[in-house]
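Keep the sequence and the 3D view open as you work.

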Amino acid sequence: QQQVKQSPQSLIVQKGGISIINCAYENTAFDYFPWYQQFPGKGPALLIAIRPDVSEKKEGRFTISFNKSAKQFSLHIMDSQPGDSATYFCAASKDNFNKFYFGSGTKLNVKP
Amino acid sequence: NAGVMQNPRHLVRRRGQEARLRCSPMKGHSHVYWYRQLPEEGLKFMVYLQKENIIDESGMPKERFSAEFPKEGPSILRIQQVVRGDSAAYFCASSPRGDASYNEKLFFGSGTQLSVL
């Protein structure tokens, strides 16, 4: 069964707009929630990550919002740029272990 | 500092042949992970290895698949008697420790695209 559910599957945003991608999980033992960015033909690269002891983490234009009670977390990309066009994956792991459960991915297209 | 190196980038095999995928972790990294990505899907964990040890192979199919990370040389993911359903992108990742602590990154290679004819 899908441990981490991600939506939407695809997203089109105008340059300068806000991109929002959502993920939900079931396993309350998860304690590490990273977001990965993947360009075509490349491996995923860590973008930003959060632990459940905080509700928000911001790095530049990228923000993770985390709602522990709802078991949901989301990625916000402010001032989206065409260079942000990529596939984004949320993930979760537990016990400080690099075995990640990935969401199914969101293909983001930022139009100029 | 070279990143995680995977080769080949593309591998074509006929049904029944063997596929060998190689992964050289980043310098100083002794933990290697293999993930499989099917088209339009997220990555699925396969196996976690340290030098000469398999730590977690819970994501590996029970048959035909094996992995190793010898004391010297790259990690190898081996698929025997490949079938069309094995066609996927296989990604290797490495980390200095097996600890997804907040400040530790998991570095992925560019993957090997396996196509089974």
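**Exercise 1.** Is Asp56(B) buried or exposed?

*Before you start.* This is a predicted model, in which local features need pLDDT of at least 70 and side-chain atom pairs count only at pLDDT 80 or more, while totals for chains, interfaces and linings use all residues. Residues are numbered from 1 along each chain as its sequence is written, chains are lettered from A in the order in which they are written, and side-chain values use heavy atoms, without hydrogens and water.

*Step 1.* Recall the classes: buried is under 20% relative accessible area, exposed is over 50%, and partly exposed is in between (1.4 Å probe, protein chains only).
*Step 2.* Asp56(B) has a relative accessible area of 15%, so Asp56(B) is buried.
*Step 3.* Now place Asp56(B) in the chain: Asp56(B) belongs to strand 6 (residues 53-56) of chain B. Strands are DSSP runs of E with at least two residues, numbered from the N terminus.

**Exercise 2.** Find the partners of Asp56(B).

*Step 1.* Look for contacts, meaning heavy atoms within 4.5 Å. Beyond the neighbours within four places in sequence, Asp56(B) touches residues including Phe97(A), Lys99(A) and Tyr48(B).
*Step 2.* Within chain B, the side chains of Asp56(B) and Ser58(B) make a polar contact at 2.7 Å. A polar contact is a pair of N or O atoms within 3.5 Å; within protein, one must be able to donate a hydrogen and the other to accept it, and residues adjacent in sequence count only if both atoms are side-chain atoms.
*Step 3.* Across to chain A, Asp56(B) forms a salt bridge with Lys99(A), with 3.7 Å between the closest N and O atoms. A salt bridge puts a side-chain nitrogen of Lys or Arg within 4 Å of a carboxyl oxygen of Asp or Glu.

**Exercise 3.** Describe how chain B meets chain A.

*Step 1.* Count the residues: chain B gives 26 and chain A gives 23.
*Step 2.* Find the area: the two chains bury about 2000 Å² between them, 52% of it on carbon and sulfur atoms. Buried area is the accessible area (1.4 Å probe) that two parts lose on being put together, summed over both.
*Step 3.* Count the links: there is one salt bridge between the chains, and five residue pairs are in polar contact (both at pLDDT 80 or more).
*Step 4.* Name the elements on the chain B side: strand 4 (31-37), strand 5 (43-50) and strand 9 (88-95) each give two or more residues.

**Exercise 4.** Classify Gly73(B).

*Step 1.* Gly73(B) sits in the loop between strand 7 (65-68) and strand 8 (75-79) of chain B.
*Step 2.* Gly73(B) has 39% relative accessibility, so Gly73(B) counts as partly exposed.

Conventions
Helices (H or I, at least four residues) and strands (E, at least two) are DSSP runs, numbered from the N terminus.
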